[in-house]
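Dear colleague,

Please find below the sequence and structure that I am handing over to you. My findings follow directly after them.

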Amino acid sequence: MVNPVVLVTGAASGIGEATVRLYAERGHNVVAVDVDERGLAELEKLDGVATLAGDVSTEETNAGAVRLALERFGRLDAAVLNAGIGGAGPLESAGSIERFDRLFAVNVRGVALGIRAAVPALRAAGGGSIVATSSVSGLRGDPGTWGYNATKAAVINLVRAAAIDYAAQDIRINAIAPGGTVTAMTGSQVADPQFSRLITSRIPAQRWADAREQAEVIWFLTSPAASYVTGVTVPVDGGLSANGGILP
Ligand code: NAD
């Protein structure tokens with residue numbers, strides 16, 4: 001029996017890294033993609049993990065990642081399009097439009113190119129699954145992160161539309177919407193006790209998520225247990241979206 005093969009972007013840190021480790025532990029072969037070569041070097045040490053350094057906003061990286069999966073492991077069964085960046089600041093701040101363009105290039109174009117590159121290989125495998133990482137920030141507005149919020153909402157509808165196009169070919173396309181999760185992206189917020197308390201006071205579960213808790217839901221969505229689930233975004237947020245993020 002051949003090990004299933006999964007491609008993970010944004011693999012060197014946080015949710016992506018937890019995802020790579022979880023799939024590798026459970027016997028999958030993994031192609032790990034990131035711009036961070038140092039982080040990738042750590043993942044190379046794991047059994048069954050191949051890495052590719054590259055920027056997901058380029059066709060070259062996405063095509064190269066799928067090619068690597070086929071050359072090294074002979075097939076592709078799932079793609080986790082997780083790479084993302086934050087930031088932007090208020091609408092009128094200096095450089096915010098340049099950041100807006102970059103946010104869309106990585107967070108939205110990166111997912112679209114990833115779907116486009118993965119679909120032919122998934123079809124050749126007889127079907128498969130794609131999971132993109134959106135955010136609770138795609139489900140509501142947040143102060144000062146208008147660009148990020150726009151990209152994460154775009155991912156939710158990109159996933160819906162792409163899922164419809166490929167459902168009859170047994171290719172399922174879903175997203176997760178993480179709430180506050182302890183990673184490099186949120187490191188400074190978690191480390192600031194006052195800010196951290198403000199965030200956790202808004203979350204019914206009253207705590208940040210661990211990256212592994214996101215990876216487990218990605219695992220479920222790519223598994224046969226989710227064989228009739230496509231076109232949806234699953235909040236993984238300790239109940240935050242259930243109460244609208246309102247302070248209790
Ligand atoms: P992280 O910063 O720990 O990891 C992101 C990874 O993506 C990094 O390794 C980074 O090098 C990589 N990356 C960035 N730009 C890239 C590019 N152009 N090409 C390839 N790789 C690139 O952050 P994280 O929290 O693990 O973020 C993962 C995803 O989860 C992102 O899409 C983020 O928006 C989303 N998210 C995170 C949270 C949270 O609270 N941490 C909440 C909601 C959504």
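Which residue in β4 does V8 stand opposite? The residue is V80. The model in which this pair is found is a predicted one. Strand β1, residues 5-9, and strand β4, residues 78-81, run parallel and are joined by three bridges.

These two strands belong to an open sheet of seven strands with parallel pairing, in the order β3-β2-β1-β4-β5-β6-β9. At the edges stand β3 (49-53) and β9 (233-236), each of which pairs on one side only. From one strand to the next, the twist averages 15°.

Helix α4, residues 96-124, lies across β1, β4, β5 (128-133) and β6 (171-178), and runs at about 175° to β4. Helix α2, residues 37-44, lies across β2 (29-34) and β3, and its direction is at about 165° to β3. In total, the secondary structure of the protein comprises eight helices and nine strands.

As to the overall form, the C-alpha trace spans about 50 × 35 × 35 Å along its principal axes. The radius of gyration is 17 Å, which agrees with a compact globule, because a globule of 248 residues would have a value near 18 Å. Buried residues account for 48% of the 248 residues. Of the contacts with a separation of 6 or more, 69% are between residues 24 or more positions apart.

With kind regards

How values were computed: Residues numbered from 1 in each chain as written. Predicted model: local features only at pLDDT ≥ 70, side-chain atom pairs only at ≥ 80, totals over all residues. Pairing = 2+ DSSP bridges. Helix = DSSP H or I, 4+ residues; strand = E, 2+ residues; numbered from the N terminus. Axes fitted to C-alpha atoms, helices over the stretch in contact; angles between N-to-C directions. Contact = placed C-beta atoms within 7 Å. Rg over C-alpha atoms; globule rule 2.2 N^0.38 Å. Buried ≥ 20, exposed ≤ 12 C-beta atoms within 10 Å, placed from the backbone.
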